[in-house]
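Here's a quick tour of one model, ligand site first and a few individual residues after that. Have the viewer open as you read.

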Amino acid sequence: MVNEKTFVMLKPDAVERRLVGELISRLEKKNLRIIAARLIRIDKKLAETHYTELKEKPFFKELVKFVTDGPALAMVVQGPNAISVVRAMMGATNPFNATPGTIRGDYGLDLTKNLIHGSDGPESAKREVALFFKESEMVG
Ligand code: DAT
Ligand code: MG
């Protein structure tokens, strides 16, 4: 078991639907630790950098528009195997396929508005944490 940091974002639909408390609560009940958090309005450039791996996808424009459309809660979450633990808690990308009991399975019905982002591996976690937070913004 490795103690990991992962980048988590509660997307604009989660903020708009007032689900922030409930979703943070799920992460905390799992005993994951929030070591940084900031409510942000993501601009186009940051969104495009964050999702750079998807830039050739047909849904890229829609995705960027959605994540820049309102405030989002950016976080760094830490814990044993935090990257895969958060991914499991999120559920499948498409909420229609996400298992009940997962965040997307319990709260989502829209592929774009799927509530939460979590880094998908150690490299993306490192890159995404650094893209959104300075070392000094994370509690030790
Ligand atoms: P995930 O968020 O599960 O890591 P991803 O990184 O493949 O999924 O895609 C990023 C986001 O893009 C995803 O949360 C929702 C959106 N998305 C993915 N596939 C899509 C598709 N086929 N049509 C529309 N939006 C899509
Ligand atoms: Mg992803």
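## Ground rules

This is a predicted model, where local features need pLDDT of at least 70, side-chain atom pairs count only at pLDDT 80 or more, and totals for chains, interfaces and linings use all residues. Residues are numbered from 1 along each chain as its sequence is written, chains are lettered from A and ligands numbered from 1 in the order in which they are written, and side-chain values use heavy atoms, with hydrogens and water left out.

## Around ligand 1

Which side chains make polar contacts (N or O pairs within 3.5 Å) with ligand 1? Thr93 has a side-chain N or O atom 2.5 Å from a ligand oxygen, Lys11 has one at 2.9 Å, and a polar side-chain atom of Arg104 sits 3.0 Å from a ligand oxygen. On its own ligand 1 exposes 520 Å², and the protein buries 76% of that (Shrake-Rupley areas, 1.4 Å probe).

Most residues other than glycine have a negative phi. Arg18 is in the loop between α1 (12–16) and α2 (20–29); helices are DSSP runs of H or I, at least four residues, and strands are E runs of at least two, numbered from the N terminus. With a relative accessible area of 67%, Arg18 is exposed (over 50%; buried is under 20%, partly exposed in between, 1.4 Å probe, protein chains only).

Asn81 also has a positive phi, near 50°. Asn81 lies in the loop between β3 (72–80) and α5, and its 25% relative accessibility makes it partly exposed.

## Two pairs across the sequence

Ser84 belongs to helix α5 (residues 82–90) and counts as partly exposed because its relative accessibility is 44%. Thr6 is 78 residues away along the chain, yet the C-alpha atoms of Ser84 and Thr6 are separated by 9.0 Å.

Asn97 is in the loop between α5 and α6 (103–107), and at 58% relative accessibility it counts as exposed. Asn97 and Gly108 are 11 residues apart in sequence, with 10.0 Å between their C-alpha atoms.

Note on methods: Polar contact = N/O pair within 3.5 Å; in protein donor to acceptor, adjacent residues only side chain to side chain.
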